[in-house]
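Thanks for sending this one over. Here are my notes, written as numbered points so that you can follow them alongside the model.

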Amino acid sequence: MKPAISYIIASTQRSGTHLLCSILRSTGIAGSPDEFFLSKPGETWEKRWGTPSRDRYIERVLQDNTGATGVFGAVVMWSYLERMLQMLQELREHDRLTGPELIAELFNRPKYIWMRRRNRVEQAVSWAMACQTGVWAQRVGVTPQPDAAPKFDFKVIDEWCNRIAAHDDGWASYFRENQIEPLILFYEDVVASHRTAAERVLEFLELPFPPDLEIPPPAVEKQANQISREWAACYLKLKGAKTGRLARVLRRMRA
């Protein structure tokens, strides 16, 4: 079973994909997008989700999450795109196809939506906090149960900033090398107007947007808080100080 219309939300962790998926699901038009192809190193989808085979897992994902309109959407993070393609290529009937060819074959030539954040520092702070607390999404009306209290660590946030930049560069190269023109959405704009985000996606997919369609509040809440804002400010202050010291050292070396 192949969807009539499909799309891939290409992204990097902490870019707001939970929010975007919640908005798109609420339209009743854009299928039920989610992260279906995540796996840990050495783990397979069939083992993770308890299905008889990898083929059967893919069939079940498509069957259960393609909407009545024939639309299917999936989130794919750069961090595991290579692993995802490797597992797809291990299927006998697809072992001679390249990564983009595989995705085109399995999902009926999907369009790509590139979900990003303008503020990488806030994204890195969010990633660092999620790793420490184990809270990756906050459902409306559900009190989160963190694994631990978050602690500020400049080095960790700096590493996440560098990783985010590398992952964004990876997606940019993927799109350029495969002549793909994605719809680019920024988290900050999606937060500002859920309706506009839904309209842009449906227009990109060439799906009608009913003028009377109401977008209900999303099922997930924004996780940024006073602590995360303080962390971002602290990181920028320390980063500026380190950059200033490095610049002074370089000037002395050149003198």
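1. Let me begin with Lys151, which counts as exposed at 63% relative accessibility; buried means under 20% relative accessible area, exposed over 50%, and partly exposed in between, with a 1.4 Å probe and protein chains only. Lys151 sits in the loop between strand 4 (138–139) and helix 7. Helices (H or I, at least four residues) and strands (E, at least two) are DSSP runs, numbered from the N terminus. Lys151 touches Gln132 and Trp231, leaving aside residues up to four places away in sequence; contact means heavy atoms within 4.5 Å. Lys151 and Met129 are 22 residues apart in sequence, and their C-alpha atoms are 8.0 Å apart in space.

2. A word on the basis of these notes. This is a predicted model, in which local features need pLDDT of at least 70 and side-chain atom pairs count only at pLDDT 80 or more, while totals for chains, interfaces and linings use all residues. Residues are numbered from 1 along each chain as its sequence is written, and side-chain values use heavy atoms, with hydrogens and water left out.

3. Four strands form an open sheet in the order 2-1-3-5, with parallel pairing; two strands pair if DSSP finds at least two bridges between them. Strand 2 and strand 5 (183–186) stand at the edges with a single partner strand each, so one side of each has no neighbour in the sheet. On average, neighbouring strands of this sheet are turned by 25° against each other, direction ignored. Axes here are lines fitted to C-alpha atoms, for helices over the stretch in contact, and angles run from 0 to 180 degrees between N-to-C directions.

4. Strand 1 (residues 5–11) and strand 3 (residues 111–116) run parallel and are joined by five bridges. Ser11 stands opposite Met115 in strand 3. Helix 7 (residues 154–177) packs on the sheet, where it touches strand 1, strand 2 and strand 3, and its direction makes about 160° with that of strand 3.

5. Which part of the chain holds Thr66? Thr66 is in the loop between helix 3 (54–65) and strand 2 (71–77). Thr66 is buried, because its relative accessible area is 14%. A polar atom of its side chain lies 2.6 Å from the backbone oxygen of Leu62.

6. Now the charged pairs. How many salt bridges are there? The count is twelve, where a salt bridge is a side-chain nitrogen of Lys or Arg within 4 Å of a carboxyl oxygen of Asp or Glu. In one of them, the side chains of Glu90 and Arg54 meet at 2.7 Å, N to O. This pair links distant parts of the chain, with Glu90 in the loop between helix 4 (78–89) and helix 5 (99–106) and Arg54 in helix 3, 36 residues apart. Glu90 is partly exposed at 46%, whereas Arg54 is buried at 10%.

7. Another salt bridge joins Arg118 and Asp189, at 2.8 Å, N to O. Arg118 lies in the loop between strand 3 and helix 6 (120–133) and Asp189 in helix 8 (residues 187–192), so the pair ties together parts 71 residues apart in sequence. Arg118 counts as partly exposed, at 48% relative accessibility, and Asp189 counts as partly exposed at 36%. Finally, salt bridges that share partners join Glu46, Arg54 and Glu90 into one network.

Key: A polar contact is a pair of N or O atoms within 3.5 Å; within protein, one must be able to donate a hydrogen and the other to accept it, and residues adjacent in sequence count only if both atoms are side-chain atoms.
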